[in-house]
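Morning, everyone. Have the chain up on your screens, please, and follow along as I go.

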Amino acid sequence: MSIIQILQIIAALGTILTGAVSLFWPAKVQGFTGLSANSGRGITEIRTLLGALFIGLGAAALYFNLPQTYQMLGITYLAMAIVRGISIFVDKSAESSNIISVVTELAFGIILVL
């Protein structure tokens with residue numbers, strides 16, 4: 001197993017971990033993402049979009065264990081980084097958590113598409 005393959009597995013596991021925190025502890029994401037859920041509907045969205053989606057994407061990459069599934073996850077991260085990077089300037093949201101997120105998304109994206 002190559003170092004790239006190990007890093008890809010770590011990125012997929014990190015994706016699942018991020019999803020698990022969002023799914024089981026949706027209130028904890030507010031401190032990092034700035035998202036707050038003031039209703040049951042908002043909590044459901046955090047659990048679904050940040051929880052289930054991340055768990056599903058990371059698990060699919062690990063389950064199928066094909067270059068294409070890791071690349072799909074990488075393209076997702078690169079798309080997130082592009083949108084976040086543009087949004088940081090447009091929305092004037094250059095906060096440390098946003099910078100950490102864009103750097104992580106770029107790193108995971110690059111590792112996963114290799």
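A salt bridge here is a side-chain nitrogen of Lys or Arg within 4 Å of a carboxyl oxygen of Asp or Glu. Keep that in mind. One more thing before we start: this is a predicted model.

Now, salt bridges. How many does a search of the whole structure find? Two.

Take Arg 84 and Glu 105. They form a salt bridge, and their closest N and O atoms are 2.7 Å apart. That is within the 4 Å cut-off. Where do the partners sit? Arg 84 is in helix α4 and Glu 105 is in helix α5, so this pair ties together parts that are 21 residues apart in sequence. Buried or exposed? Glu 105 is buried, with a relative accessible area of 5%. Arg 84 is partly exposed, at 25%.

Next, Glu 45 and Arg 41. This salt bridge has its closest N and O atoms 2.2 Å apart. Here both residues lie in helix α3. They are four residues apart, about one turn of the helix. Glu 45 is partly exposed, with a relative accessible area of 29%. Arg 41 counts as exposed, at 56%. In general, side chains of opposite charge can pair when their charged atoms come close.

On to the rings. The count comes to four aromatic pairs. I will show two of them.

Start with Phe 54 and Tyr 77. Their ring centres are 6.5 Å apart and their planes are at 85 degrees, so the pair is edge-to-face. Phe 54 lies in helix α3, residues 40-64, and Tyr 77 in helix α4, residues 67-90, so the pair ties together parts 23 residues apart in sequence. Phe 54 counts as buried, at 13% relative accessibility. Tyr 77 counts as buried too, at 5%.

Stay on Tyr 77. It also forms an aromatic pair with Phe 108. That pair is edge-to-face, with 5.3 Å centre to centre and 90 degrees between the planes. The link is between distant parts of the chain: Tyr 77 is in helix α4, Phe 108 is in helix α5, residues 96-113, and they are 31 residues apart. Both Tyr 77 and Phe 108 are buried.

Now the loops. Then go to the loop between α4 and α5, where you will find Lys 92. Lys 92 is not a glycine either, yet it has a positive phi of about 50 degrees. Lys 92 counts as exposed, at 73% relative accessibility.

One more loop. Ala 27 is in the loop between α1 and α2. Ala 27 is exposed, with a relative accessible area of 66%. How far is Ala 27 from Arg 84? In sequence, 57 residues; in space, 22 Å, C-alpha to C-alpha.

Last stop, the surface. Met 1, Ile 3, Ile 6, Leu 7 and Ile 10 form a nonpolar patch there. Together they have about 510 Å² of accessible area. Met 1 sits in the segment before α1. At 74% relative accessibility, Met 1 counts as exposed.

That is my tour. Over to you.

Notes: Residues numbered from 1 in each chain as written. Predicted model: local features only at pLDDT ≥ 70, side-chain atom pairs only at ≥ 80, totals over all residues. Heavy atoms only, no water. Phe/Tyr/Trp six-rings, centres within 6.5 Å; stacked < 30°, edge-to-face > 60°. Helix = DSSP H or I, 4+ residues; strand = E, 2+ residues; numbered from the N terminus. Buried < 20%, exposed > 50% of the residue type's maximum accessible area, 1.4 Å probe, protein only. Patch = residues over 30% accessible without salt bridge, like charges linked within 9 Å, V, L, I, M, F, W, Y side chains within 5 Å. Areas by Shrake-Rupley, 256 points an atom, 1.4 Å probe, with all protein chains shown as cover.
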